[in-house]
Amino acid sequence: MMSPSILLQDDSAEEVSDILDDFIRSCHLNYAMICDNQGFVLMFESAIWAPEAPPIDSLAALIVSNYAANDAIAKLLGDEDFTESMQKGATSGTFIEKINPRLLLVAIFSDTTSLGRTKMKSSQLIAPLSELVKESDRKDIDITNEWGEINTLMVDKLFEGKL
Amino acid sequence: MSTINAAKREINFKLVYYGPGLSGKTTNLKQIFKHVPAESRGDMVTVDTEEERTLFFDFLPLELGEVGGFKSRLHLYTVPGQVFYNASRRLILRGIDGVVFVADSSPTRLRANAESFRNLRENLAEYKIALEDIPHVIQVNKRDLPDALPMEMIQDVLDPERKIDTFQAVATDFQGVFEPFRAVSQKIFNKFAEVAV
C-alpha cells in the first residue's frame with residue numbers, strides 16, 4: 001500500500017522561504033518555487049518588482065509535465081536526463097534544476113535576470129534545499145476516523161444546488 | 001501518492017480521468033469546472049491540438065476546504081486518449097491517487113474501451129502499481145446514443161466480475177459526472193485516512 005509522504009515540514013518552511021527570497025533577490029528573478037514531480041507546489045515566492053503571479057497550480061502542472069516530457073525524451077535518446085532545462089521567450093522564461101528525484105527548483109525570470117548567475121546560484125542551492133525538503137514518514141497530522149467522511153461532504157458541498 | 005505540505009497546511013491528491021480517445025474525459029473536467037463555485041477551483045488548463053483533441057493533458061485544480069487544520073486539494077487530470085500518445089499518458093499517471101475510467105457506449109468503441117483499460121493496467125505497472133491498489137471507478141459515457149451498447153456488454157469487457165463501481169453518464173449534460181467523481185474521491189479520502197491514522 002502506498003503511504004502519504006510529508007515533504008515540507010513547518011520547522012523548515014521558513015528557512016526554505018528565505019533561501020528562495022535570497023535566490024530571487026540575488027538573480028533578479030520574478031518568482032521562484034519548489035514543486036514535486038506530481039505538479040504540487042510546495043513553496044512559491046515572488047519578487048516585489050514582479051507582475052501579478054500567473055495561476056500557480058496551472059504553472060506548476062505545466063512546468064512539471066514539460067520537465068517530465070523532456071526527461072522521457074532524454075531517455076529515448078539514450079541519456080539519463082538533460083542536465084539543463086530552460087525555456088526562454090522575449091521577456092520571460094523558466095530555468096529548472098532537479099533537487100532530487102521527487103522535487104524541482106524552478107526559477108522564473110525576466111529580461112533583466114542574469115541567466116549565468118541564476119544557473120550558478122541554483123546549482124549551489126540544491127544541497128541545502130535537499131536537506132530541508134525531503135520525504136518523511138512523520139505522521140503528526142490529526143487525521144480522525146471522520147476525516148474521509150467530512151472531505152466527502154465537502155465534495156457534495158462543491159456541487160450544492162447543481163444536482 | 002498524496003503530498004502533504006505541512007507548511008502550507010495542505011494535503012494534495014491527484015485524480016486522473018483515463019479512457020479511449022473521444023470518450024468524454026475532457027468533457028467531464030469541463031462540466032466539473034462549470035458546476036463548481038469559482039472560489040473553489042483554479043483555471044482549467046488544456047494542452048490540445050488545433051482540432052481540440054487532447055495532446056498532453058487537461059488540468060483542473062479544486063480546493064475542498066479545511067478539516068483538522070489542513071486544506072484538502074484535488075488536482076484533476078485527463079490523459080490524451082489517442083493510441084499513439086502512450087508516453088504522455090504514462091507521464092500523467094505518475095503519483096496518481098485515483099482514477100476514473102471513462103468508457104464509450106458506442107458499438108464501434110467496445111474494442112477501444114478494452115484496449116484503453118488494458119493500457120491503463122500496463123502503464124500503472126510501469127510504476128509498480130496494480131489497478132486494484134488504487135481507488136478507481138468506471139464511468140460509461142454517452143448513454144444517450146441511440147445505438148448505445150447495453151451496460152452488461154461493456155461491463156463484461158471491462159469488469160466481468162462486477163467488482164468495480166460503475167456509473168452511467170451523459171457527460172455533455174452533466175448527467176453522471178458528479179457521481180463517479182464523488183465515489184472515487186471518497187475512496188481516495190478513506191484510503192488516505194486508513195494509512196495516516
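The legends below describe close-up views of aromatic contacts in a predicted model.

**View 1. Stacked pair Phe159(A) and Phe174(B).** A search over all chains of the structure returns 14 aromatic pairs. One of them is formed by Phe159(A) and Phe174(B), whose ring centres lie 6.0 Å apart with 20° between the planes. The pair counts as stacked because its planes are under 30 degrees apart. Phe159(A) belongs to the segment after α4 (147–158) of chain A, and Phe174(B) to the loop between β8 (166–168) and α5 (178–196) of chain B, so the pair joins two chains. Phe159(A) is buried, at 1% relative accessibility. Phe174(B) is also buried, with a relative accessible area of 9%.

**View 2. Edge-to-face pair Phe56(B) and Phe57(B).** The ring centres of Phe56(B) and Phe57(B) are 5.0 Å apart. Their planes meet at 65°, so this pair is edge-to-face; the cut-off for that class is over 60 degrees. Phe56(B) has a relative accessible area of 14% and is therefore buried. Phe57(B) is buried as well, with a relative accessibility of 0%.

**View 3. Aromatic cluster with residues from chains A and B.** Trp147(A) is grouped with Phe13(B), Phe189(B) and Phe192(B) in one aromatic cluster.

**View 4. Charged end of Lys14(B) over Tyr77(B).** The ring of Tyr77(B) has the charged end of Lys14(B) over it. The distance from that charged end to the ring centre is 4.8 Å.

**View 5. Charged end of Arg41(B) over Phe33(B).** Here the ring belongs to Phe33(B), and the charged end of Arg41(B) sits over it at 3.7 Å from the ring centre.

Conventions. Residues are numbered from 1 along each chain as its sequence is written. Chains are lettered from A and ligands numbered from 1 in the order in which they are written. This is a predicted model: local features need pLDDT of at least 70, side-chain atom pairs count only at pLDDT 80 or more; totals for chains, interfaces and linings use all residues. Side-chain values use heavy atoms; hydrogens and water are left out. Rings of Phe, Tyr and Trp (its six-membered ring) pair if their centres lie within 6.5 Å; planes under 30 degrees apart count as stacked, over 60 as edge-to-face and the rest as tilted. Helices (H or I, at least four residues) and strands (E, at least two) are DSSP runs, numbered from the N terminus. Buried means under 20% relative accessible area, exposed over 50%, partly exposed in between (1.4 Å probe, protein chains only). A charge sits over a ring if NZ of Lys or CZ of Arg is within 6 Å of the ring centre and within 35 degrees of the ring normal.
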